[in-house]
Number of protein chains: 4
Amino acid sequence: MILQGMFAPIPTPFSPEGEIFYDALEKNILHWKQTPLDGLVIAGSNGEWPLLSFSERVELFKACTRLSGKRFTIIAGTHCASTSETIELSLAAADAGCDAVLVLPPHYYKGQNSHRAVIKYFTDIAEASPIPVVLYNMPANTGWNLDWSIATELSHHENIAGIKDSSGDIVQIARICKNAATGFSVFAGSGSFLLPALSVGCNGATMGVANIFPDATRAIFDAFSRKDMSLARRLQLALIDINEAVTKRFGVPGLKAAMDHAGLYGGPPRPPLEPVDDTVYREIVKIHDDFKKFYEEVFSS
Amino acid sequence: MILQGMFAPIPTPFSPEGEIFYDALEKNILHWKQTPLDGLVIAGSNGEWPLLSFSERVELFKACTRLSGKRFTIIAGTHCASTSETIELSLAAADAGCDAVLVLPPHYYKGQNSHRAVIKYFTDIAEASPIPVVLYNMPANTGWNLDWSIATELSHHENIAGIKDSSGDIVQIARICKNAATGFSVFAGSGSFLLPALSVGCNGATMGVANIFPDATRAIFDAFSRKDMSLARRLQLALIDINEAVTKRFGVPGLKAAMDHAGLYGGPPRPPLEPVDDTVYREIVKIHDDFKKFYEEVFSS
Amino acid sequence: MILQGMFAPIPTPFSPEGEIFYDALEKNILHWKQTPLDGLVIAGSNGEWPLLSFSERVELFKACTRLSGKRFTIIAGTHCASTSETIELSLAAADAGCDAVLVLPPHYYKGQNSHRAVIKYFTDIAEASPIPVVLYNMPANTGWNLDWSIATELSHHENIAGIKDSSGDIVQIARICKNAATGFSVFAGSGSFLLPALSVGCNGATMGVANIFPDATRAIFDAFSRKDMSLARRLQLALIDINEAVTKRFGVPGLKAAMDHAGLYGGPPRPPLEPVDDTVYREIVKIHDDFKKFYEEVFSS
Amino acid sequence: MILQGMFAPIPTPFSPEGEIFYDALEKNILHWKQTPLDGLVIAGSNGEWPLLSFSERVELFKACTRLSGKRFTIIAGTHCASTSETIELSLAAADAGCDAVLVLPPHYYKGQNSHRAVIKYFTDIAEASPIPVVLYNMPANTGWNLDWSIATELSHHENIAGIKDSSGDIVQIARICKNAATGFSVFAGSGSFLLPALSVGCNGATMGVANIFPDATRAIFDAFSRKDMSLARRLQLALIDINEAVTKRFGVPGLKAAMDHAGLYGGPPRPPLEPVDDTVYREIVKIHDDFKKFYEEVFSS
């Protein structure tokens, strides 16, 4: 399996009572099926994985593969703090029909993250997982950067298929693109640097903003492929504000607010995450609508 | 309840097969009962809490209160990523007879940790917990610092009893001591700065090194109380190397190695943590024995 | 003046006795005149500005403009810690015939760098300088990041012509490209991310590696302009190792070693900088020769 | 020479026109002579050394030694970015009658600060300086921490007399106290952690707040010496707010504002530093007066 294309790291919908809201999930996935999205990341950072129980994650994997019905490549976020639990959840993800698992480096005991220890951790998981492992570098959340030398070494394992790098360190991403084993996928982990990532050789991306503007993110891929660098750049620069709003600035609550506004189901996050307040909601609406208007004008002309 | 004195943040013993090893736990606790320790912290960072399941933590709390038999004040580490799960585990800790719960700030979605959000998180838990909450600041692991202004504001909640501050920021600790509500306990979170922390008004400490040298840490408290500052300083300076070895430098694996050497049960950590290698083991043995020799010479003269 | 194209941030040559070595400077500049370089940055970080006296910098500016003889756009590094001294040196740079001045944000008293204070600092200098100011963001050296909102605000000043951003934060660079005033130049500050920077709209770059491989850096510009993204990418990925070797990894001493090896004059840096040792020298030679061989193969085919 | 006691890192007074204001300097020093201060640090961070020219620093050293007339131990801040200029200024400081020089680690090219390189830098200066060198660790300004292992190694040089550590890392300070050569002085670099620093063995301190409340800082030393730990703690805790106000929070402008309010000459800082605005001035006045009132009440009872 070679992973490529445009993935949405979907949020997990909760009912007002705080349970996983499967009707809303179905509504969202039915919508995404009509878009150019290539795949979904389930129970990643946007999916509030730390706030889900083990069994909730398993049920979520099952629901998503059922609702996808082969339409999407499904990457299941199976990171748990312990190696054994991560393996157990990866087995369950494979059983549920997911295509790959997304795994973070160890990060609570980050003081013990020697190069050797991190290699061993991912290798142990890759050996045990029936489906390929995708490395997940997310230093803004973990406080620890998975550097290119580790990623490159792991790229040679036959069951490690790629990396999602959300660090924003474009030189690090370029070094992985250059040095990784053939067939290893390098995914940009944010829509804010999609075009620069494509320019250095990434073959895919998972982007919060792809949940709400999949057409626009696809348009950047396509413009880049057609070598319409001017259009690609215009779209990329315009996309940053809305992507930052639903990631770094306002986090999962911001993404859910934007989805509510866009006619998808966003709903409440789980505490300690809190819904955005009215002021932030209005700001997100404005940023969303500004981008939408820009995008429509570009393609109406 | 006013928390004070000297606490050991105990490691969770695992059998060679990786299960919680209750016979070893009993052996260790029987030993600690013969020392001047005032209390135990269960399933904290040294207890590998992220690597334990919810039910394992509950069983561990029960076993520790049973084995303690009122001898120790027991603080249960009940932090989970979600507010509701933390509350649920805190209820279980109260049922198990623990005296207080130790709770970290939210830290995976640290970008959303506004002052207000962190206040709300701890307040929600304090409102729901039958036993007092102890705040736990551990930026080396969480990547986020719980600053003195938040701690001070929370100190006025009637069910928030204190803070364990492992940051090593002595000015921050001093500001908490100065500004916190009366009766709020401020605990040094490391044996490396016990004496400076006492000098600014801390009334207790939880220290990795207290697992293996409880007499020595008590001797620092006592010397400080007697105003024998010269002895207190000699002991403090000597204690740093062994305390750093079993915390920052070699982590939980280092602490477990030192316990094995000292005649307690250390045993293996859970992966991804790995036992120390032979070179590190020998270094820990040397640091341990050097301190032991120093300590015996001080008290034989 | 609109700044654009490819600039070399040249090192300041010192004789074995430690004086500025003008014969070597002449040799180097004569060489660079035969290359596709568009401009030179004098007394920047690679030029060891902190290790030069005020009068040495003035003399250096004069020598460079004389040796350039209108061939190059010359940007003079005139940052001094105080506003008044920076202005004085900028006046001298203008007198010497330089085209623009490069100025860092204040950084020793970085705790006082409010948005307003930094705006005032650059505005004061821009008001007083006879030649345009180029902002210089170099957080690896200064410990302080000049963010896109400040750069954008300053871009509207008529005597602030552009920014050299060496942060490597490609999203920040993209935001400046999007939001800056028309005609404001955005320069990549490193050859390691030239192509990604071009992809988001930069119109120039100053790159350590341009001192030794100006043809190769020009080839990336040209390939990008021709929309030969495949060649641009191959060159960019190959360029990273040698660029990192002469910047982040081995610093100015590494750049000077590479220049010595490449037939230019590198010579010794000024203490506290020390020449690279033999092991590092051999590593630099290997990285240099590997790139050279790669480059020749690309263009011989 | 063994350095010990309480030092004020004095600000450099400027006239409204921006020149060094020697009449104001004389007024301030005459005042300090009537206090229990043991020494003065000239042209340190509080002295705005980066904003002074070489010759201004020399004149300042001369004026201070003349005005002191053997009353104070005088430590001259002679750090320049280059080794040779630091040596030259250290020779001038010795000629001017200063007792020691205060030198920062290299910090612009911090990427090249290997252990070996920093050792060489300080050793070169210590070999050349006629008067002892005091190491100066100030990571908040330099962005680079001089760790205890380097300080300990340098402590064995016969012309390196001590360290001023402003890091606030009390464990690092304790390790220097434990491991440094006999006779090496360890100075706390801030009044916010004076008492903790004394508790681990520091024999002196240089503190911004000592410029305005020398009696109070002396009272902490004395209470500690008399083993009146309760009084020492009360004073230390009370001192933090005013010390932070004139250091971290409002910097040199804050210190100068407090001095103006206290009847000394503060005056304007040099740009890019700006005087505090009215709101901050009023806050500083309140913090100053609150401490003064507290202090008078303590000693009137």
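1. Which residues does A:G267 touch, not counting residues up to four places away in sequence? A:G267 touches A:K256 and A:D260. The coordinates come from a predicted model, and the points below should be read with that in mind.

2. A:G267 sits in the loop between α11 (251-262) and α12 (278-300) of chain A. With a relative accessible area of 17%, A:G267 is buried, because the cut-off for that class is under 20%.

3. On the pairing of chain B with chain A: a rotation of 180° with 0.0 Å of shift along its axis superposes chain B on chain A, and the RMSD is 0.0 Å. That is the relation of a two-fold axis. In chain B, the residue that comes closest to this rotation axis is B:G143, whose C-alpha atom is at 2.8 Å. Both copies use the same surface, since 100% of the contact residues of chain B recur in chain A.

4. How many residues of chain B are in contact with chain A? There are 34 residues of chain B in contact with 34 residues of chain A. Interface size is often expressed as the accessible area lost when the parts come together. For chain B and chain A, the buried area is about 2,600 Å², and carbon and sulfur atoms account for 57% of it.

5. The side chains of A:K120 and B:E274 form a salt bridge, with an N to O distance of 3.7 Å. There are also 12 residue pairs in polar contact between chain B and chain A, both residues being at pLDDT 80 or more. On the side of chain B that touches chain A, at least two residues each are supplied by α4 (115-128), α5 (139-142), α10 (229-249) and α11 (251-262) of chain B. By class, that side of chain B has 17 nonpolar, 11 polar and six charged residues.

6. On the pairing of chain C with chain A: chain C is superposed on chain A by a rotation of 180° with 0.0 Å of shift along its axis, at an RMSD of 0.0 Å. Of the residues of chain C, C:P196 comes closest to the rotation axis, with its C-alpha atom at 2.2 Å. The copies meet through the same surface, because 100% of the interface residues of chain C are also interface residues in chain A.

7. What area is buried between chain C and chain A? The value is about 2,300 Å², of which 65% is given by carbon and sulfur atoms. This contact takes 24 residues from chain C and 24 residues from chain A.

8. Four salt bridges are counted between chain C and chain A. The side chains of C:K178 and A:D241 meet in a salt bridge, at 3.5 Å from N to O. In chain C, the elements giving two or more residues to the side that touches chain A are α7 (170-179), α8 (194-199) and α10 (229-249). Of these, α10(C) gives the largest share, seven residues. The residues on this side of chain C divide into 14 nonpolar, four polar and six charged.

9. Chain B and chain C have no contact, and their closest C-alpha atoms lie 17 Å apart. Chain A and chain D likewise have no contact, their closest C-alpha atoms lying 18 Å apart.

10. Is C:S45 buried or exposed? C:S45 counts as buried, at 7% relative accessibility. C:S45 lies in the loop between β2 (39-42) and α2 (54-68) of chain C. Its side chain makes a polar contact of 2.7 Å with the side chain of D:Y108. Leaving aside neighbours within four places in sequence, the contacts of C:S45 within chain C are C:Y136, C:M138, C:N141 and C:V252, and those in chain D are D:Y108 and D:Y109.

How values were computed: Residues numbered from 1 in each chain as written. Chains lettered and ligands numbered in written order. Predicted model: local features only at pLDDT ≥ 70, side-chain atom pairs only at ≥ 80, totals over all residues. Heavy atoms only, no water. Contact = heavy atoms within 4.5 Å. Buried area = accessible area lost by both parts, 1.4 Å probe. Helix = DSSP H or I, 4+ residues; strand = E, 2+ residues; numbered from the N terminus. Nonpolar A, V, L, I, M, F, W, Y, C, P; charged D, E, K, R; others polar. Least-squares fit on C-alpha atoms with pLDDT ≥ 70 in both. Polar contact = N/O pair within 3.5 Å; in protein donor to acceptor, adjacent residues only side chain to side chain. Buried < 20%, exposed > 50% of the residue type's maximum accessible area, 1.4 Å probe, protein only.
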